[in-house]
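Please read this briefing alongside the sequence and the 3D view. It goes through the structure topic by topic.

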Amino acid sequence: MSELKSCPFCGGKASENLLTEITKYDLYTVSCENNNCGVHPHTVGLTYEEAVTKWNNRASGWIPVSDRLPDKGKINTNIRDYQQYMCLVDCKGTGGMDARPLGFDKTGKWVNGGIDMSKYVIAWQPLPKPYKGERQ
């Protein structure tokens, strides 16, 4: 059996479960046990190993800030600002999460304009490449 990595968003313990009551197939899930996580990520597989592999590989594209941070001070040339990344932000006081573009400035802070958002950022990923199709 593979060892489960911790939750990529809160660092909480992960657990696996076998679901047999809701489908005619055995489905295996891996999910975060932390009730206060806010994101409650999970993976599903037809086998235990498939569910664990999906969980441990973090296929969602989100990179937890606890795993690594981007290079400091990269400028988005389209808007001449630091906003290069889509970030998953903890909406303090609401229990919710929001995804929004933020920059990672040359001092190593997550910023929106001049506002330091570092204490709210849980995970990040690079923004997709700009759309190059025809304009309507």
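Buried means under 20% relative accessible area, exposed means over 50%, and partly exposed lies in between (1.4 Å probe, protein chains only). This is a predicted model, in which local features need pLDDT of at least 70 and side-chain atom pairs count only at pLDDT 80 or more, while totals for chains, interfaces and linings use all residues. Residues are numbered from 1 along each chain as its sequence is written, and side-chain values use heavy atoms, with hydrogens and water left out.

**Confidence**
- The protein chain has a mean pLDDT of 78, and 75% of its residues reach 70 or more; pLDDT is the predictor's confidence in each residue, from 0 to 100.
- Confidence in the protein chain is highest in strand β8 (residues 115-116), at 90, and lowest in β3, at a mean of 79.
- Helices (H or I, at least four residues) and strands (E, at least two) are DSSP runs, numbered from the N terminus.

**Sheet and hairpin**
- Three strands make an open sheet in the order β1-β2-β3, with antiparallel pairing; two strands pair if DSSP finds at least two bridges between them.
- At the edges are β1 (14-19) and β3 (42-45), each of which pairs on one side only.
- On average, neighbouring strands of this sheet are turned by 20° against each other, direction ignored; the axes are lines fitted to C-alpha atoms, for helices over the stretch in contact, and angles run from 0 to 180 degrees between N-to-C directions.
- Six bridges join β1 to strand β2 (residues 27-32) in the antiparallel sense, and L27 in β2 is the bridge partner of L19.
- Strand β6 (residues 96-104) pairs with strand β7 (residues 110-112) in the antiparallel sense over two bridges, with G103 opposite V111 in β7.
- β6 and β7 form a hairpin with five residues between them, and G108 in the turn has a positive phi of about 85°.

**Salt bridge**
- One salt bridge is found in the whole structure; the term means a side-chain nitrogen of Lys or Arg within 4 Å of a carboxyl oxygen of Asp or Glu.
- The side chains of E50 and K54 form this contact, at 3.5 Å from N to O.
- E50 and K54 are about one helical turn apart because they are four residues apart in helix α1 (residues 48-57).
- E50 is partly exposed, with a relative accessible area of 30%, and K54 is partly exposed at 38%.

**Nonpolar cores**
- A nonpolar core is a set of buried Ala, Val, Leu, Ile, Met, Phe, Trp, Tyr and Cys residues joined through side-chain atoms within 4.5 Å.
- The largest nonpolar core has 15 residues, of which L4, C7, F9, V30 and W55 touch the most other members.
- At least two residues of this core come from each of β2, α1 and β9 (121-126), and α1 gives the most, with four.
- Another core, of 10 residues, lies apart from it and includes V89, L102, F104 and W110.

**Aromatic pairs**
- There are four aromatic pairs; rings of Phe, Tyr and Trp (its six-membered ring) pair if their centres lie within 6.5 Å, and planes under 30 degrees apart count as stacked, over 60 as edge-to-face and the rest as tilted.
- Y85 and W110 form an edge-to-face pair, 5.8 Å centre to centre with 85° between the planes.
- Y85 lies in strand β5 (residues 83-91) and W110 in strand β7, so this pair ties together parts that are 25 residues apart in sequence.
- The rings of F104 and W110 have centres 4.7 Å apart and planes at 55°, so this pair is tilted.
- Both Y85 and W110 are buried, and F104 is buried too.
- One aromatic cluster is formed by Y85, F104, W110 and W124.
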